[in-house]
Amino acid sequence: MNRKLVTILSALLLCLTYSVSFAAETIKIGALYPMSGRGGLYGQDSEAAIKIAVEEVNAKGLPGGKKLEVKVIDDQSKPAYAVTVAKRYITEDKVNFLMGVVSSAVALAVTEVSKEYKTIFVGTDHGATDLTANAFQKYYFRVNNNTYQSMMAGAMYLKEMGGSKKIAFIGPDYAYGRDQLAELKYGFKKLGVKADFVGEFWPKLYEPDYTSYITAIIAAKPDILVSGFWGGDTVAFIKQAKAYGLFKKMKYAHFDAGGNYELFSALGDDCPEGLILGSKHHNNWPDTKENKQFVAKFHKATGRYPSYAAQGAYVGILFIAEAVKKVGNAENTEALVKAMEGMKLKMPEDPAGFTSFIDPATHQMVQTESIGITEKNSKYPPAKYMLGKFKDYPADKIMPDQEYIDLLKKTKK
Amino acid sequence: MMKRYKDLVPWIIYFLVFGGMLFVRGGGHYVHLAMQIIILGLFATSFNVLFGKTGLLSFGQALFYGLGAYITGMAAKSFGPDYFMWALLAVPLVAIVVSILLGALSLRLSDVYFTMLTLAFAQLAWGITIKWYGLTRGDDGIQAIPKPALLTGNVNYYLFSFLVVTACIYFLWRLDRSPFGSVLEGIRQNSLRVTFTGMSVFRHQLLAYVISSSFTAIAGGLYAGIDGSIHPDMFYWTMSGSIILMTILGGMSGFFGPIIGVTIFVLLEDMVGRSTEYWSFVIGIIMLIMVMIFPHGIIGIATYFGKFFARKGGQVDNP
């Protein structure tokens, strides 16, 4: 019996020598995305966008004739597993950069790995403001906007809309939802908007039934319902709330993740008109050459239109390639950090005449937030409604100010 | 003499494999994996004291794993690296108190009701951890947990956790073959008979529950030091679930079965996860094959072949 045990265990030891390796002489990027489960679509879209970006970059060429090589691994949305993969990327695969991550909890864990191993980590798809505040470390950069930027733009939108401000808030009961409400309130205070919060509702994430919340919201009689839902929860809530006529009784505003394309494709004809929604990227706005090209390329490659996640991943690759071009190699991490700190990059979501750039102090990409209103538009099937009447919020006005970062440091430490 | 030698073999393999990890391919990633394996191995071994030995299926041992991790993590994070060790020492004590309370409540029920109640308690702990943002930082988890300088670095921390885990496993191994262990086995086989001998089934079960839970909590505490980041999903039912899977995969009837299960599970996850996102599909198929064809796990396969060859060699196999 014991001899057999020995055989099995030595077979295991042999297995240890197995590993998939990257080709030599390339600049290696290790990407982490959820490829299954609730966030799976974002991972799939990101992977497709990464392919497009890598082709573009490699066609133009990099210093020393090197090529970009990206490996995408499913992080299973689990922080512990993601850390293992990130460490393997660095110690085994010898990647030059880490990128990606949808879940903020995963990102908070991975940024510690990046700090420990002094490997640059480019965040493309997670919102927690804390990553560029309390958990900030110099090897971390984020090319998508944080929730503060979305909510600040939202506060400005609501201010311009005028009228009385009886507001109810509903959002998932975890950091992402709680942060959005805190940021909206801070935004109102900063802009001098007097708002009357008549109710806060905290269903848990992935709640299947919102009926009790919907009736409570209608009973609270707000003028505006601000929502902080994420992913499929938005679709479930809108479908259920529509049946109760909620959208006829109040305005619905959802700034960080409300205007994501996958929502319109999931809702189809069920999408109510007149919702005020924002997103990290819109397929039909801004009407610039860069955005149209990006959307068209994505559609050609996959046969579907991209969710916001695709733009983040696409920009992440361009961002890394741009830094490598500036420095001339991918090995000198300190020089790369310097190059990234002063980086300007034209993103598909940039309106005409504006170029996004990295804030050297927080390593957050300073970018515009666009908010629109739902209207009939079937140019991007299977969606039947898209956003229109967009308003752009200038980048410099929606960045977290020092006062807010100090406040975060005080409350979250 | 033969018996003693046979007892030693698994230990020799244990030291060869986990000591050898330090020399395999320059360390790095594999030392990191080995840390996870021995820590989860301790979790699974102490879980098996309840499951394989006493016949109690707890679906809530993640509660103690998370408890250990959060005590260590929060103490080191708020008071500084020097408190890491103190917290680690306090972990089993807290776990003893909590497990006496929860054990006394849930062991009043038997079979599936016991299982459901343990699950309910663990989910409750998970809910509190997620909701109590001010204390636990909720779904963000806790990162950058500091450790004393002596334990910093992959190899140092591996050696440290290897020592702690080995000491714990040795204790559990002795327990396994002690008279107390025999009583637990008796309870699993026929608890009524144990009552007839004048012993209290409840007390023995409670003690087994407390021992199992405290060692699980130590495993959780050690885990907080691997990457310095912990997350509420350590409390979640999927954590308890995968420990059950690993134990069944390795074989719950042998003392070292759970560790073998953990080793294979973690290595498979690492290898399969590199090339495909269908990792859970692969492990699902493996589990299906194991449960249908080899219900006694890897240990069971080994025993089967061992007996087969022994018979061929002309020896009589006395059960």
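Where in chain A does A:His363 lie? A:His363 is in the loop between strand E12 (356-359) and strand E13 (364-366) of chain A, where helices (H or I, at least four residues) and strands (E, at least two) are DSSP runs numbered from the N terminus. This is a predicted model, in which local features need pLDDT of at least 70 and side-chain atom pairs count only at pLDDT 80 or more, while totals for chains, interfaces and linings use all residues. Residues are numbered from 1 along each chain as its sequence is written, and chains are lettered from A and ligands numbered from 1 in the order in which they are written.

**Backbone points to look at**

- Most residues other than glycine have a negative phi, and most peptide bonds are trans.
- A:His363 is not a glycine, yet its phi is positive, about 60 degrees.
- A:His363 counts as buried, with 25 C-beta neighbours inside 10 Å; buried takes 20 or more other C-beta atoms within 10 Å of a residue's own, exposed 12 or fewer, and partly exposed lies in between, with C-beta atoms placed from the backbone.
- A:Lys118 also has a positive phi, near 50 degrees, and sits in the loop between H4 and strand E4 (120-123) of chain A.
- A:Lys118 is partly exposed, with 13 other C-beta atoms within 10 Å.
- The peptide bond between A:Trp285 and A:Pro286 is cis, with omega about -5 degrees, and A:Pro286 belongs to the loop between strand E10 (276-279) and helix H11 (289-302) of chain A.
- Another cis peptide bond links A:Pro381 to A:Pro382, with omega about 5 degrees.

**Around strand E10 of chain A**

- From E10(A), A:Ile276 and A:Gly278 point one way and A:Leu277 and A:Ser279 the other way, and all are buried.
- Strand E9 (residues 251-254) of chain A runs parallel to E10(A), joined by two bridges; strands pair if DSSP finds at least two bridges between them.
- The chain passes from E9(A) through helix H10 (residues 261-267) to E10(A) in a right-handed β-α-β crossover, meaning that with the strands pointing away from the viewer, the path from the first strand over the helix to the second runs clockwise.
- E10(A) also pairs with E14(A), antiparallel over four bridges, and A:Ser279 stands opposite A:Ser370 there.

**Where chain A touches chain B**

- The contact takes 38 residues from chain A and 37 residues from chain B, two residues being in contact if their C-beta atoms, placed from the backbone, lie within 7 Å.
- H1(A) gives the most to the chain A side, with nine residues.
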